[in-house]
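Visitor: I would like to learn how to read this structure feature by feature. Could you give the general idea each time, and then the case at hand?

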Amino acid sequence: MTLINEIQPRQGNINLDEAEIISKEKSKEFEKFGNKGKVCICTIKNDSGEIKLTLWNEDVDNYKVGDKIKLVNAYCNEFQGEKQITAGKFGKLAKIED
């Protein structure tokens, strides 16, 4: 399992067993290659720290503050000097049900 406070930019294969969404910014709509999409930045945390999480498209509406999530094979980018993780094309984001 990956510890949030040890995640580095351009690191792949990030696996978090559990984290909680503690804040969620307003989503933005964009168009790329003629396709419309949505993106939203959240902050997630667990015992090992907190980090920004980028949600894309349907995930923007499927997750809210307070949700507990699990990430498998996520990737870390750096945006404006801040680390952000995303499930991306090859990763998986799932809600943990109580």
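Guide: Let us begin with a polar contact, which is a pair of N or O atoms within 3.5 Å where, within protein, one must be able to donate a hydrogen and the other to accept it, and where residues adjacent in sequence count only if both atoms are side-chain atoms. Here the side chains of K38 and D61 are joined by a polar contact of 2.8 Å. Before going further, note that this is a predicted model, in which local features need pLDDT of at least 70 and side-chain atom pairs count only at pLDDT 80 or more, while totals for chains, interfaces and linings use all residues. Residues are numbered from 1 along each chain as its sequence is written, and side-chain values use heavy atoms, with hydrogens and water left out.

Visitor: Where does K38 lie, and which residues is K38 in contact with, leaving aside neighbours within four places in sequence?

Guide: Helices (H or I, at least four residues) and strands (E, at least two) are DSSP runs numbered from the N terminus, and K38 belongs to strand 3. Contact means heavy atoms within 4.5 Å; with neighbours within four places in sequence set aside, K38 is in contact with S27, K28, E29, F30, L55, W56, N57, V60 and D61. E58, which is 20 residues apart from K38 in sequence, is 7.8 Å away in space, C-alpha to C-alpha. That residue, E58, is placed in helix 1.

Visitor: Is E58 buried or exposed?

Guide: Buried means under 20% relative accessible area, exposed over 50%, and partly exposed in between, with a 1.4 Å probe and protein chains only. E58 has a relative accessible area of 53%, so E58 is exposed. N57, in the loop between strand 4 and helix 1, is partly exposed because its relative accessible area is 32%.

Visitor: How should I read the nonpolar core, and which residues have the most contacts inside the largest one?

Guide: A nonpolar core is a set of buried Ala, Val, Leu, Ile, Met, Phe, Trp, Tyr and Cys residues joined through side-chain atoms within 4.5 Å. The largest such core has 21 residues, and those with the most contacts inside it are I44, L53, L55, I69, L71, I85 and L93. At least two residues of this core are supplied by each of strand 1 (14–24), strand 3 (35–46), strand 4 (49–56) and strand 5 (68–79). Taking L93 as an example, and not counting residues up to four places away in sequence, L93 touches L53, L55, D59, Y63, I69, K70, L71 and A87.

Visitor: How many disulfides does the structure hold?

Guide: A disulfide is a pair of cysteine sulfur atoms within 2.5 Å, and the structure holds 0 disulfides. C42 is in no disulfide, and the nearest cysteine sulfur, that of C40, is 4.4 Å away. C42 counts as buried, because its relative accessibility is 1%. C76 is also in no disulfide, with the nearest cysteine sulfur, that of C42, 15 Å away; C76 is buried, with a relative accessible area of 0%.

Visitor: Where is K89 found?

Guide: K89 is in the loop between strand 6 and strand 7, and K89 counts as exposed, at 78% relative accessibility.
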